[in-house]
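Hi there,

Here is the structure I promised to pass on. Have a look at it first, and my notes follow below.

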Amino acid sequence: MTLPAYRSLYTYPWDIADIGVTQFVDEVLAMGITDVTLATAYHTGKFIRPHAKNPPRVIFPEDGVSYFDPDVERYGEIKPQPHSEPTMRTVLPALLQDGRVKVHGWTVLLHNTRLGSAFPQYTVKNAFGDSYVYSLCPMQTAVFDYAVNLCADLTHQHQLSSIVLETPGWLPYAHGYHHEFAQVASNTWLDNMLGMCFCDACQSAAKNRDINIDALQTRVQDNIKNYLALPANANADQAASWTQSDLLSDADLLAFISLRQDRVTQLVAEIRAAISADCELAVIPTVQRPTAACWTEGSDLKALSEVADYIEIPFYEPSANRAIADAWESLRQIAHPEKIRAILRPGLPDLNQGAELGAAIAGIQALGIKDFAFYNYGLLPQYQLDHLAKTVKECK
Ligand SMILES: [Zn+2]
């Protein structure tokens with residue numbers, strides 16, 4: 001028996017509340033969509049809603065809240081905060097009650113500025129000790145426990161088909177805060193240096209593995225300071241080669257990166273063990289391009305694919321060609337196409353040309369990947385949703 005393929009639409013609760021669950025489900029079923037990946041814990045942002053029926057036209061969602069009622073008794077030191085409007089917490093049970101689409105819980109774990117502000121001692125600290133308020137460090141036991149408890153609580157209260165984890169590791173440096181300003185040209189090498197965490201928990205974990213973390217931290221500080229004093233900028237190819245060269249020559253750096261990957265794999269394995277047995281677990285391994293850079297966030301694709309049911313990969317690329325190449329590389333690591341779910345953005349800034357979406361789906365399907373999700377119901381203009389519906393039907 002072949003299971004029906006996953007054809008999911010990423011959706012925010014406020015966009016469903018806007019038209020009501022029944023009309024929303026009617027609409028997505030008519031598009032050929034069978035699944036909805038609904039935000040169940042989410043960060044803030046500033047989103048334009050092109051086809052909204054009711055205000056707001058531009059929404060600033062509450063930061064770092066859950067879209068279900070957490071059972072606070074389950075939690076330790078860090079507890080989730082439910083959205084302040086009860087309506088936002090009724091969408092999930094109503095969608096499950098409707099029963100016509102499979103429901104997946106899109107759960108942002110450690111990118112949470114509200115919790116980072118409340119628990120600065122558990123945030124990522126760069127090589128200089130500066131705290132990144134938008135990013136909780138998974139090496140911290142209280143943070144690890146929060147992530148496990150959140151997923152267990154959600155899946156034991158609600159019969160989700162799967163839970164989709166986002167940001168189970170360390171956020172990249174260049175993601176996550178309002179008005180990120182720099183008058184220094186960014187590059188991946190500098191971002192990696194600035195993104196590594198040297199908090200007390202990361203330092204102790206490194207020492208336990210006999211990594212000379214103090215010397216590594218000093219090298220990273222010097223790298224950043226000296227680069228920022230250079231009256232020139234590295235180009236992208238130079239920065240990528242510098243990173244490769246560092247990884248080959250710096251054994252402590254490599255060991256530290258492995259330690260971070262092991263921690264994220266451990267967190268995902270623990271979540272798998274804690275959630276409801278009939279709920280599947282998917283992990284979004286990265287918030288950057290290309291997928292192969294996910295090691296900077298602590299993701300090890302192969303190891304994650306062994307502890308999770310699915311790796312759900314945002315192939316967010318401007319062309320079908322790039323999306324297909326990225327899928328090929330992801331398969332080289334994961335080896336089992338049935339464990340990969342693809343996410344495509346059928347509009348700006350990605351696959352916004354008529355035939356590109358269909359070409360991306362067909363090319364990725366040809367590699368053996370059958371499951372697709374699309375991003376995002378409320379953000380796409382109506383004509384892009386119409387184009388998506390047409391393409392989904394053609395690509396059956
Ligand atoms: Zn840390």
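Helix 6 gives the most to the lining of the second largest pocket, supplying six residues. Please keep in mind that this is a predicted model. Helix 6 spans 188–195, and helix 9 (236–249) and helix 10 (251–274) also supply at least two residues each to that lining. In total, 29 residues line the second largest pocket, and those nearest its centre are T188, N192, A293, W295 and T296. The space inside the second largest pocket comes to about 570 Å³.

Next, the metal. The zinc ion is held by the SG atoms of C137, C197, C199 and C202, at 2.3 Å. The arrangement is tetrahedral because the four donor atoms subtend angles of 100 to 114° around the zinc ion. Along the chain, the donors follow the spacing C-x59-C-x1-C-x2-C.

What about disulfides? The structure holds zero of them. C279 is in no disulfide, and the nearest cysteine sulfur, in C151, is 8.9 Å away. C279 has 1% relative accessibility, so it counts as buried. For C294, the closest cysteine sulfur is that of C137, and at 17 Å this is too far for a bond. C294 also counts as buried, because its relative accessibility is 3%.

Finally, some backbone details. Most residues other than glycine have a negative phi, and most peptide bonds are trans. Here are the places to check against that:

- The peptide bond from P55 to P56 is cis, with omega near 0°; P56 lies in the loop between strand 3 (47–48) and strand 4 (58–59).
- Y375 and N376 are joined by a cis peptide bond with omega about 5°, and N376 lies in the loop between strand 14 (371–374) and helix 14 (382–394).
- T167 has a positive phi, near 50°, and lies in the loop between strand 10 (162–166) and helix 6. T167 counts as buried because its relative accessibility is 6%.
- D210 has a positive phi, near 60°, and is found in the loop between helix 7 and helix 8 (213–228). D210 counts as exposed because its relative accessibility is 70%.

Definitions and conventions
Residues are numbered from 1 along each chain as its sequence is written. This is a predicted model: local features need pLDDT of at least 70, side-chain atom pairs count only at pLDDT 80 or more; totals for chains, interfaces and linings use all residues. Side-chain values use heavy atoms; hydrogens and water are left out. On a 1 Å grid over the protein atoms alone, a cavity is a set of points where a 1.4 Å probe fits but cannot get out, and a pocket is an open set with protein on both sides within 12 Å along at least five of seven lines; lining residues have an atom within 4 Å of a point. Grid points are joined across faces, edges and corners, and a volume is the space filled by probe spheres set on the points. Helices (H or I, at least four residues) and strands (E, at least two) are DSSP runs, numbered from the N terminus. Donors are N, O and S atoms within 2.8 Å of the metal (3.2 Å for Na, K and Ca); water is not among the atoms, so sites may look incomplete. Four donors count as tetrahedral if all angles lie between 85 and 135 degrees; four count as square planar and six as octahedral if opposite donors are over 155 degrees apart and all others between 65 and 115; anything else is irregular. A disulfide is a pair of cysteine sulfur atoms within 2.5 Å. Buried means under 20% relative accessible area, exposed over 50%, partly exposed in between (1.4 Å probe, protein chains only).
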